[in-house]
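Student: Could we go through this complex together? I would like to start with confidence and then turn to the details.

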Amino acid sequence: MSILETQALTRRFGEAVAVDALTISVEAGEMFGLLGPNGAGKTTAIKMLTTLLPPTSGNARVAGFDIVHHAADVRRVIGYVPQMLSADGSLTGYENLLIFAKLYDIPGAERESRVRNALAFMGLVDAADKLVRTYSGGMIRRLETAQSFLHRPRVLFLDEPTLGLDPLARKAVWEHIEQLRASYGTTIFLTTHLMEEADSLCNRVAIMHRGKVAAIGSPAELKAQVGGEATTLDDVFIHYAGSTLDSGGGYRETSRARRTARRLG
Amino acid sequence: MRLQEQDAPRGGWASLALSRGVAKAMAAIAAFVEKTLVIAELEARKLRHDPTELLTRAVQPVLWLLVFGQVFTRIRAIPTGNLRYIDFMAPGILAQSVLFISIFYGIAIIWERDLGIVHKFLASPTPRAALVLGKALSAGVRSLAQGLVIYVVAVLLDVRMNWNPLALVGVFVVVVLGAAFFSTLSLIIACLVKTRERFMGIGQLLTMPLFFASNAIYPISIMPGWLQVISRANPLTYEVDALRALMLAGGTSTYRVGWDVLILLAATAILVIVGGRLYPTVVW
């Protein structure tokens with residue numbers, strides 16, 4: 001059963017087409033990766049699927065709800081970790097979770113234990129009462145993942161979850177996400193441009209280029225399509241998207257990515 | 001929205017549907033209030049972690065009262081009826097500090113947008129207007145802290161204050177309303193201009209006209225006609241008018257406190273609705 005379906009989902013900004021007739025379908029319980037160079041339209045696609053940005057045309061259903069007409073229902077069943085570091089630095093880790101537990105209507109009696117469990121799950125118990133601005137980048141990412149997961153979403157959207165993290169922190173974040181999926185069967189929809197990660201973690205990936213899906217399938221399938229024994233997902237990526245260097249990433253996007261990287265230290 | 005009509009017995013369907021509709025509306029309102037308070041709580045917790053901002057913000061109104069107020073009280077240049085000038089201006093300066101705190105609130109919205117915080121709140125099932133009103137109330141909390149400082153200074157300057165508990169509650173309400181109005185106005189501007197640089201420009205541009213085209217530090221009656229018209233359309237005027245009546249012993253209002261509050265309430269409600277519609281566009 002597909003839990004996420006898009007049909008010719010399109011978003012224009014003036015003349016530019018950020019996402020061009022995106023049609024994909026994701027099965028429940030899958031870890032699905034949306035890959036592509038900067039400016040390929042990955043973030044725009046995620047913003048539409050999380051109801052932050054209305055599509056120009058086409059439609060999409062998440063957990064059976066139309067993202068335009070039943071946006072409020074969609075919001076109740078999804079979790080979302082934006083590309084930027086979105087935990088509030090001027091609050092403690094515990095408070096960051098508490099506020100979201102309240103916003104997601106987790107009943108008062110359950111709230112405390114839910115928050116404590118989430119902290120334990122993400123290995124943040126000792127840091128719970130420290131201000132988040134003192135956290136390392138990896139800790140912030142784990143806190144955000146905990147935040148997005150308090151209400152047990154059916155689909156979890158992660159936009160470049162390991163952008164700017166060092167290899168150790170990255171590994172920890174991925175282990176936690178993998179654990180979440182194993183424990184709760186959550187469907188995970190993520191964007192990345194780290195091919196190695198997509199290769200080892202995603203069941204299926206779609207490679208986006210200039211707003212369109214250039215290739216879709218399991219990492220093994222894609223590698224087989226491009227050919228050669230020693231083919232890596234990097235080769236696949238370059239094959240479908242890498243021919244041009246000028247393709248992507250406006251000033252704003254690059255500066256945002258840099259800022260995120262800087263905050264991650 | 002599904003009403004689950006199939007459960008309803010045939011007779012009295014209409015009344016049952018009606019009572020369900022009412023129950024549903026009540027639940028929606030309760031949820032709205034609850035979420036608004038959660039957002040306000042979030043802001044209050046931030047303040048508790050770092051209250052220094054409140055002190056640095058208090059410098060400006062204190063200077064106005066100490067310097068401007070003292071000088072103009074001495075020269076008696078401004079006709080303020082039976083009030084001394086320092087008494088007349090104290091409520092005006094409270095309103096001014098509420099305005100100054102609130103009108104730059106939008107910069108925080110843009111900042112939070114850049115950090116991705118806004119994205120996460122918008123992807124949650126929180127009603128948009130609750131996000132906006134919660135922020136507005138938190139501007140009220142900050143403003144109340146200013147109010148406290150101004151009360152202390154006013155007492156030290158021998159301003160004759162009204163200590164009637166009901167009047168104090170009134171001041172509380174008017175300060176929160178004023179802050180809610182101007183912070184929501186600021187949020188709307190932030191959603192329209194979208195960048196910090198442009199916002200700062202417009203914020204600077206707005207503050208002084210809003211302040212000087214009001215009854216904050218001189219009565220409207222001494223203004224030229226065209227300015228009187230503008231001042232009467234300025235919500236700050238009604239905030240000051242209500243504060244002048246409530247804060248001072250023997251204070252009077254020009255437009256009646258009830259009208260002042262009603263005007264502020266209506267203006268704020270309209271802005272919160274507009275703000276709730278515009279807020280999601282800040283992440284586009």
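Student: What ipTM and pTM does the predictor give the complex?
Tutor: This is a predicted model, and the predictor assigns the complex an ipTM of 0.90 and a pTM of 0.89.

Student: And what does the pLDDT of chain B average?
Tutor: The average for chain B is 92, and 96% of the residues score at least 70. Residues 1-5 of chain B have a pLDDT below 50, and this stretch has three contacts in the model beyond near neighbours in sequence. Where pLDDT is low, the predicted coordinates should not be read in detail.

Student: Staying with chain A, how many helices and strands does the secondary structure come to?
Tutor: Chain A has ten helices and eleven strands. Of its 265 residues, 50% count as buried. Among contacts in chain A between residues at least 6 apart in sequence, 70% join residues at least 24 apart.

Student: Is helix α1 of chain A mostly covered or mostly uncovered?
Tutor: Helix α1 (residues 42-49) of chain A is mostly covered, with eight of its eight residues buried. The buried residues of α1(A) include K42(A) and K47(A) as well as I46(A), M48(A) and L49(A). Just after α1(A), T51(A) takes a positive phi of about 70°.

Student: Which other residue in chain A has a positive phi, and where is its place?
Tutor: A63(A) has a phi near 50°, a positive value in a residue other than glycine. A63(A) is placed in the loop between β5 (57-62) and β6 (65-66) of chain A. A63(A) counts as partly exposed because it has 17 C-beta neighbours inside 10 Å.

Student: What about R76 in chain B, buried or exposed?
Tutor: R76(B) is exposed, with 10 other C-beta atoms within 10 Å. The phi of R76(B) is also positive, near 50°, and its place is in the loop between α2 (52-75) and α3 (85-103) of chain B.

Student: On to packing in chain B. At what angle do α6 and α7 pack?
Tutor: Helix α6 (residues 128-156) of chain B and α7(B) pack at an angle of about 130°, with their axes 7 Å apart. That angle makes α6(B) oblique to α7(B), and their crossing is right-handed.

Student: Which residues meet there?
Tutor: Among them are A136(B), G140(B), S143(B) and G147(B) in α6(B), and V176(B), A180(B), S183(B) and L187(B) in α7(B). By class, the contact of α6(B) with α7(B) has twelve nonpolar, five polar and one charged residues.

Student: And how does α7 pack with α8?
Tutor: Helix α7 (residues 165-193) and helix α8 (residues 196-212) of chain B pack at an angle of about 140°, with their axes 9 Å apart. The two helices are therefore oblique to each other, and α7(B) passes α8(B) in a right-handed crossing. I189(B), A190(B) and V193(B) in α7(B) meet R198(B), F199(B) and I202(B) in α8(B). Those residues divide into five nonpolar, no polar and one charged.

Conventions
Residues are numbered from 1 along each chain as its sequence is written. Chains are lettered from A and ligands numbered from 1 in the order in which they are written. This is a predicted model: local features need pLDDT of at least 70, side-chain atom pairs count only at pLDDT 80 or more; totals for chains, interfaces and linings use all residues. Axes are lines fitted to C-alpha atoms, for helices over the stretch in contact, and angles run from 0 to 180 degrees between N-to-C directions. Helices (H or I, at least four residues) and strands (E, at least two) are DSSP runs, numbered from the N terminus. Angles under 35 degrees count as roughly parallel, over 145 as roughly antiparallel, 65 to 115 as roughly perpendicular and the rest as oblique. A crossing is left-handed if the near helix is turned anticlockwise from the far one by less than a right angle, and right-handed if clockwise. Two residues are in contact if their C-beta atoms, placed from the backbone, lie within 7 Å. Ala, Val, Leu, Ile, Met, Phe, Trp, Tyr, Cys and Pro count as nonpolar, Asp, Glu, Lys and Arg as charged, and the others, Gly among them, as polar. A residue is buried if 20 or more other C-beta atoms lie within 10 Å of its own, exposed if 12 or fewer, and partly exposed in between; C-beta atoms are placed from the backbone. pLDDT is the predictor's confidence in each residue, from 0 to 100.
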